[in-house]
Amino acid sequence: MLSRLDVQGFARRALNPLKRLVSAWWRRQSPSRQDRFATLGPLLSVVLFLAAIVSAFWYLRNEEIEREAEAVKRDTEMAQQQIRSRLIENEDFLIPLQRDLANRAIDNLEFTQRAMAIARNRPEITHITWLNARRERRVSVAAIGEQADSLMTLDGSDPSMPNGHANSEPERAFQGARDRRTRVYSASFADANNTTVFQLQLPLSDRAGFAGVLIAEYAVEGLLRYSVPNELTSRHAVAVLDPREQVVASTVTPMPGKRITRAPIYYEVPMAPAPGLVLRGQGYRTSIGLISNTLFWMVMALSVLTVWMLLGTWKHMRRRAQVQNALAAETNFRRAMENSMLTGMRAMDLETRISYVNPAFCAMTGFAESELIGRKPPFPYWPPDRYEENLRLLQQEMQGRSPAGGSEVKVMRKDGSIFDARMYVSPLIDPKGKQNGWMTSMTNITEAKRVRDQLSASHERFTTVLEGLDAAVSVLSVQQGELLFANRSYRLWFGADPKGHAMLAGSQLAGATSTKENNFETDEDVDDYGGLPAQHLTEVGGDSREVFIAQLDMWFDVRARYLQWTDGRLAQMLIATDITARRHAEAQQQQQAEKAQVTSRLITMGEMASSVAHELNQPLTAITNYCNGMVSRVRNDNIQKDDLIVALEKTAKQAQRAGQIIHRIRAFVKKSEPQRQPAFAASIVEDAVELAGIELRRRNVQIHTYVAQRLPVMRVDPILIEQVLLNLLKNAAEAIDNAALPPSRRHIELRVVPKHTAELGANIEFSVTDMGPGLPVEVIERMYEAFFSTKADGLGIGLGLCRSIIESHQGRIRAENLYNGPSIVGCRFAFTIPVDIPRPEPQLAPLDKSGDPGTGTAHNTAATP
């Protein structure tokens, strides 16, 4: 094989005659012809440059049209989603009204009031009408929120009224709702005011079958106006077309006497769920003037460049020798630079034969220069399993279709190991402007690719997680008030407006954002975070609070914390979770609990009615006897003044006694909102025992109470705690009476003592102990179930309600059977109410062997329903 020097010497000897021939031909030409030939190069460059400019403008024009078309498509689909969301939201308001009409839970007046409320808040609804199964109007409410007697009449003059004709759109929708028993949207039609509308008909069904429909009529223009956001209509025109492709509503009002024409860029989607209507978005090009101006200046620049190139051509002969010397020096410098650089360089001739490699290329592949020079594909550094792929890339590069960003390839070292590399291929042009090969640069990107893949995967996982969250995540720059990040849920609720973040934050950020948006500052404006170190703020943990957003009618659980953004700015991150359903459920649960508490008190008083009547009969009988005796003695003139005063005082005392009984019962059953207030255990016990004493005396059951001294003040609702005590005392009395126990076991003990445990802390314990038969084992597991009761006439809500009341006060309730060996000798219910004091050390009654102020030695959790 010939060496490179031999090849170069042979090529030089072969080209010398040709060079002498060309030089002789050039010297024979006149100076003018030499200048003419020298000018052809710049002229050709100008032509190519003009062709490049035309191609570039053509490409930019097409790209602009594509961007505008994509924007029109995106905005049209967004408008479609907004309209669909608006219709679905309206259905959510109409469905409760439909359900109440079907259940006959409302009359005409209440329907009118609720329909007025819906119509006032939904201006796109022209009227809401209730029709029966015979198409007769029951009630019709117009869009202004008043009942309209002229709407939906059967005289046939109103096109919105189902009239029994098959060609009527309202009639088709009426028949569809009647036959399918589901909501039906009608096709568009013109109403009595020649306004294009469509109807939503919701069927009403009762036990007899189809009972009519609830009609909500939408004005297409109003729906477009109030559903599509202003920021969307400010960018593109949006219009609604009927099945005949006639514009029935548009965000752009045409000039009088002119009709709206279709723009060159448009996109159409169906306006579901309304059948037959099409939503069209339109766009226009806006940069024609800019392109024309740019083209003018480009032509001027090309003219100046042409003159400059001609001047350079005139100086060509004088600078030729200098250029040749500089070229030689530059070549040597580039060769030294290529040999010292870390990027691998490879040159190939037009036959794809390797003609040059630098030391960096040899170091990367592990092959020596002699092993690579002169080799043709497949090259030794190609992996055997990638011959076809590398050959295809090489052919693509030879055809001038190499990617601008280079090609990623697998390269095999001499030892067989594989690494990733990026290759850039460009034509190799000689000093005469002729391509004599290809130049390739190669960089090892194994580590960079690994890091890039890891970062890409990490970013994709991070973005997927944040976009998939049901909670709104947003990051706001504290100083600039700029929204730095917002996930899908935030954009759905608040768009790209930083005001949503400020409303959720509920802090100075709201004022700062408002000031920056109004583009003014005052001398009194103060940066609340200017002097605070960002590192200390970011180390502070986040706080959590609940925020109500009136514009969305939603509750959010907001967690906030400060962080340092990627560019070093101090930012605030919010995570807002929608808790509207939970808040509504809690409010509903609280209302139901309050109703259940009042119901339980009324049931308790109902069960004690006979005892209360007997208790009231005693003072009333005494009053009657005193009055009759005084009347008799007055008639016989046989009474002294002192005796009369004594008799009247006794009568007043009995009346006061009866009044106190009635007052306690009335205060107990009176419906009121739960009110936490400072209360004393002794007062609650006194009132509960007074009410329970009526039932206990009727059942011949004695009660013993013990209330410890110096008990701390509780913050409770006294009526609710009294209700729990009364329920437990009544249950104990009933258990004793129903078991027909002897007098020695017909007594109940009520104890109130302070306690302190590691789990509950400081608390006051109320315990009710009876000597009854205890609880069966099968009742133990179900004692707090709703509607479970062992009584024949019981409702099963007593103990469950007691547990709810105690737990709402952060207390605990428990029950246990009392044993004497294997025998049950009683039952004990106890509940605790926490108090905010240090551990008390009161003087208590003597304790039993277990150390607990109660009775019994064995414990088995149970309860009396």
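Start by selecting residues 472-477 and 483-486: these are strands β16 and β17, which run antiparallel and are joined by three bridges. Strands here are DSSP runs of E with at least two residues, helices are runs of H or I with at least four, and both are numbered from the N terminus. Two strands count as paired if DSSP finds at least two bridges between them. Zoom in on leucine 476, which stands opposite leucine 483 in β17. Five residues lie between the two strands of this hairpin, and glycine 481 takes a positive phi near 70°.

A word on what you are viewing: this is a predicted model, in which local features need pLDDT of at least 70, side-chain atom pairs count only at pLDDT 80 or more, and totals for chains, interfaces and linings use all residues. Residues are numbered from 1 along each chain as its sequence is written, and side-chain values use heavy atoms, leaving out hydrogens and water.

Next, colour the open sheet of five strands, ordered β12-β11-β15-β14-β13 with antiparallel pairing. At its edges are β12 (354-357) and β13 (407-412), each pairing on one side only. From one strand to the next the twist averages 35°; axes are lines fitted to C-alpha atoms, for helices over the stretch in contact, and angles run from 0 to 180 degrees between N-to-C directions.

Now select β11 (residues 344-349) and β15 (residues 435-444), an antiparallel pair joined by six bridges. Aspartate 349 has glycine 437 in β15 as its bridge partner.

Which helices pack on this sheet? Show α11 (residues 387-398), which touches β11, β13, β14 (418-429) and β15, with its direction at about 135° to that of β13. Contact means heavy atoms within 4.5 Å.

Time for the aromatic rings. Rings of Phe, Tyr and Trp (its six-membered ring) pair if their centres lie within 6.5 Å; planes under 30 degrees apart count as stacked, over 60 as edge-to-face and the rest as tilted. By this rule there are twelve aromatic pairs. Select phenylalanine 198 and tyrosine 218: their centres are 5.3 Å apart and their planes at 15°, so the pair is stacked. Both residues, phenylalanine 198 and tyrosine 218, are buried (under 20% relative accessible area, with exposed over 50% and partly exposed in between; 1.4 Å probe, protein chains only).

Finish with Phe361, Phe379, Tyr381 and Trp382, which ring pairs link into a cluster.
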